[in-house]
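Reader: I would enjoy a close look at one part of this model, taken slowly. Could you walk me through a single chain and how it sits with its partner?

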Amino acid sequence: MASADSLSCQEVVELVTEYLENTLISEMHERFEQHIADCPGCTNYVRQVRLTIDMLHQLAQEPAFPGTKQELLQFFRNWKKGSGFC
Amino acid sequence: MSERTDQPENPFGVTTGQRTALTNLAGPGIYAEDVHLIELLRTGNEAAFESLVDCHSVALLRLAKVFVTTQALAEEVVQETWMAVLVGLSRFEGRSSLKTWIFRILTNHAKTRAQREGRSIPFSSLPNVDTDINEPAVDPDRFLPADHQWSGHWISFPLDWREMPEERLLSQETRACIDRAIEALLPGQREVIILRDIEGWTADETCSLLGISAVNQRVLLHRARSKVRGALEKYFEKA
């Protein structure tokens with residue numbers, strides 16, 4: 001049974017980013033974890049958010065940078081010639 | 001007026017990276033992890049420049065697309081950014097990390113381009129502006145109503161995505177769904193989720209580049225992640 005100071009699921013979903021960022025004050029952090037321990041729905045919700053973050057990170061190297069690199073390297077060689085190195 | 005400046009004051013307290021106490025050729029203020037690379041660049045080491053370009057161009061391109069409408073324009077902005085990096089390198093004083101400096105050049109160029117294109121500057125360039133500040137992370141209809149004994153608890157639980165086949169999670173279609181969800185975000189939310197979750201920047205690095213507070217960064221990240229999760233949930237339910 002939910003006690004007066006326990007969080008609702010609707011509150012938990014608004015706190016999940018602060019929880020994952022580790023910026024909840026310790027009392028709130030504990031209440032959050034207590035809720036998760038008893039609530040399969042919110043356990044899944046937090047897992048979904050973590051998986052979303054993992055999936056986002058997998059996008060990091062796509063798409064490859066298009067073929068303008070050669071131009072840049074040519075610019076670099078000209079820059080090198082013109083800039084009088086120390 | 002935006003509070004952002006081209007060179008945010010960042011003299012000592014910045015948390016990204018450690019400054020070197022050693023005197024070095026790169027300059028006394030340069031972050032320790034940047035010293036070697038900057039020396040290589042300043043002495044014209046092409047391989048060092050090429051690896052820097054390879055390391056950051058995809059992320060730069062992704063960020064440029066927040067501001068300009070076409071892929072071609074975004075590519076031009078990235079190209080201009082690298083040229084500006086080389087031209088400005090001799091004046092780089094290390095008030096931020098090299099990475100942050102490069103990305104700041106990109107956002108400045110991209111915003112200038114966007115203005116020339118006739119696009120208004122995204123919300124994100126104004127600190128603390130988030131137009132959908134009260135938007136819930138999850139549709140309120142998913143929770144039991146206020147008059148219910150279990151008010152605010154799930155009507156039906158979110159699914160355990162680990163029970164889905166892994167191919168599904170990693171499919172091209174799933175990636176396309178994420179891309180669409182990101183494109184639909186407000187510009188400030190897009191910037192933050194790109195830097196934090198796609199590129200893996202720290203909160204401090206992200207705040208430093210975007211010139212926003214830690215709280216604002218977290219709010220933008222929360223909205224962005226919630227929307228992308230919601231889009232994925234809808235997409236997984238459909239099939």
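How many residues does the contact take from chain B, and how many from chain A?

Author: Happy to. The model is a predicted one, and in it the contact takes 47 residues from chain B and 40 residues from chain A. On the chain B side, the elements that each give two or more residues are α2 (46–67), α3 (71–88), α6 (172–183), α7 (187–198) and α9 (214–238). Of these, α9(B) gives the most, with 8 residues. Sorted by class, this side of chain B holds 24 nonpolar, 10 polar and 13 charged residues.

Let's step back to the chain as a whole. Chain B has 9 helices and 0 strands, so its pattern along the sequence reads α-α-α-α-α-α-α-α-α. Of its 239 residues, 40% count as buried. Among contacts in chain B between residues at least 6 apart in sequence, 65% join residues at least 24 apart.

Chain B is divided into domain 1 (32–121) and domain 2 (124–238). Taken over C-alpha atoms, the centres of these two domains of chain B are separated by 27 Å. Where they meet, 10 residues of domain 1 of chain B are in contact with 10 residues of domain 2 of chain B. On the domain 1 side, α2 and α4 (98–116) of chain B each supply at least two residues. That side of domain 1 has 5 nonpolar, 2 polar and 3 charged residues.

Now to the interior. In soluble globular proteins, nonpolar side chains tend to be buried together. Here the largest nonpolar core has 51 residues, and the ones that touch the most other members are Leu60(B), Leu63(B), Ala64(B), Val78(B), Leu106(B), Ile193(B) and Val228(B). Both domain 1 and domain 2 of chain B give at least three residues to this core. A second, separate core of 14 residues includes Cys9(A), Val13(A), Cys39(A) and Tyr45(A).

Leaving aside neighbours within four places in sequence, Leu106(B) is in contact with Leu60(B), Leu63(B), Ala64(B), Val77(B), Val78(B) and Thr81(B). As for α4(B), this helix has 19 residues and reaches 27 Å from its first C-alpha to its last, close to the 27 Å expected at 1.5 Å a residue. Because 14 of its 19 residues are buried, α4(B) is largely enclosed by the rest of the structure. Just after α4(B), Gly118(B) takes a positive phi of about 90 degrees.

Another glycine worth a visit is Gly188(B), found in helix α7 of chain B. Gly188(B) counts as buried because 27 other C-beta atoms lie within 10 Å. Its C-alpha is separated by 8.9 Å from that of Gln217(B), 29 residues apart along the chain.

Finally, a word on confidence. The model scores ipTM 0.88 and pTM 0.84. Chain B averages a pLDDT of 84, and 82% of the residues score at least 70. Comparing the helices of chain B, α7(B) is highest at 97, while α5 (residues 166–169) is lowest at a mean of 87. Two stretches of chain B call for care. Over residues 1–24 of chain B, pLDDT stays under 50, and the model has 38 contacts beyond four places in sequence for them. Over residues 124–130 of chain B, pLDDT also stays under 50, with 19 such contacts. Where pLDDT is low, the predicted coordinates should not be read in detail.

Note on methods:
Residues numbered from 1 in each chain as written. Chains lettered and ligands numbered in written order. Predicted model: local features only at pLDDT ≥ 70, side-chain atom pairs only at ≥ 80, totals over all residues. Contact = placed C-beta atoms within 7 Å. Helix = DSSP H or I, 4+ residues; strand = E, 2+ residues; numbered from the N terminus. Nonpolar A, V, L, I, M, F, W, Y, C, P; charged D, E, K, R; others polar. Buried ≥ 20, exposed ≤ 12 C-beta atoms within 10 Å, placed from the backbone. Domains from an automatic or database assignment. Core = buried A, V, L, I, M, F, W, Y, C linked by C-beta atoms within 7 Å. Expected span 1.5 Å × (residues − 1). pLDDT = per-residue confidence, 0-100.
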